[in-house]
Amino acid sequence: SSGINAEYGDHYDMEGLLQNVEWATLMFFAGLFILVECLEKLGLISALGDLAADFIQSIPPDRQLASAITIIIWMSAFISAFIDNIPFTTGMIPVIETISTQTQIPLAPLVYALAFGSCLGGNGTLIGASANVVAVGIAEEKGYKIS
C-alpha cells in the first residue's frame, strides 16, 4: 500500500491514479476480445473446429495424434502472430474440444499444442503478445517510437 501511495499519491487522488492507466492498451485488448467473441457468435470458430476435425479424421488413425498436434501448433503460431495470443487461445479452446470429441484424440496434447503454438506465434509481431503491446505502449509514452 505504501508503494502505491508513493507512486500515485494518497488514496483520495483517484484522478492521478486513472491518468497513469494505459487506456489505449486496455481498449486494444477489449477490442480483441470482442472480435474473438463475434467470430464465435458468427460460427466461424466452430466451423474452423469442424474443418480441422474432418481433415484430421481423413488421416490414418495411427498418425492422427501427431498430425493434430502439428496442425494445431503451426495454425496457432501463424494466427497468433497477427491476433493477440490471449483472446486467440480463448477462442480456440472450443475448436480443440471439437477436434478431441470428433476424433477421439486425448484433449491434453491438443491443449499443450495450442499453448505452445500461441506462445511461439505471439513472438512473431508486436501485436502477437500482451507483453509486446504493453512494452510498445510504455515506450511510446516515454517518447520512443517502435514500429
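Trp-23 is partly exposed, with a relative accessible area of 44% (buried means under 20%, exposed over 50%, partly exposed in between, using a 1.4 Å probe and protein chains only). The structure here is a predicted model, where local features need pLDDT of at least 70, side-chain atom pairs count only at pLDDT 80 or more, and totals for chains, interfaces and linings use all residues. Residues are numbered from 1 along each chain as its sequence is written, and side-chain values use heavy atoms, with hydrogens and water left out.

Trp-23 sits in helix α3 (helices are DSSP runs of H or I with at least four residues, numbered from the N terminus).

**The largest pocket**

Helix α3 turns up again here: α3 and α8 (130–141) are the elements that give two or more residues to the lining of the largest pocket. The biggest share, four residues, comes from α8. The space inside is about 190 Å³, a volume filled by probe spheres set on grid points joined across faces, edges and corners. A pocket is an open set of points on a 1 Å grid over the protein atoms alone, where a 1.4 Å probe fits, with protein on both sides within 12 Å along at least five of seven lines; lining residues have an atom within 4 Å of a point. Among the lining residues are Phe-28, Val-133, Val-136 and Glu-140. By class, the lining has six nonpolar, two polar and two charged residues.

**Salt bridges**

How many salt bridges does a search of the whole structure find? It finds two, counting a side-chain nitrogen of Lys or Arg within 4 Å of a carboxyl oxygen of Asp or Glu.

| Salt bridge | N to O distance |
|---|---|
| Glu-37 – Lys-41 | 3.7 Å |
| Glu-140 – Lys-145 | 3.6 Å |

Glu-37 and Lys-41 are four residues apart in helix α3, so about one helical turn separates them. Glu-37 is partly exposed at 38% relative accessible area, while Lys-41 is exposed at 68%. In the other pair, Glu-140, also a pocket-lining residue, is partly exposed at 41%, and Lys-145 is exposed at 69%.

Notes. Ala, Val, Leu, Ile, Met, Phe, Trp, Tyr, Cys and Pro count as nonpolar, Asp, Glu, Lys and Arg as charged, and the others, Gly among them, as polar.
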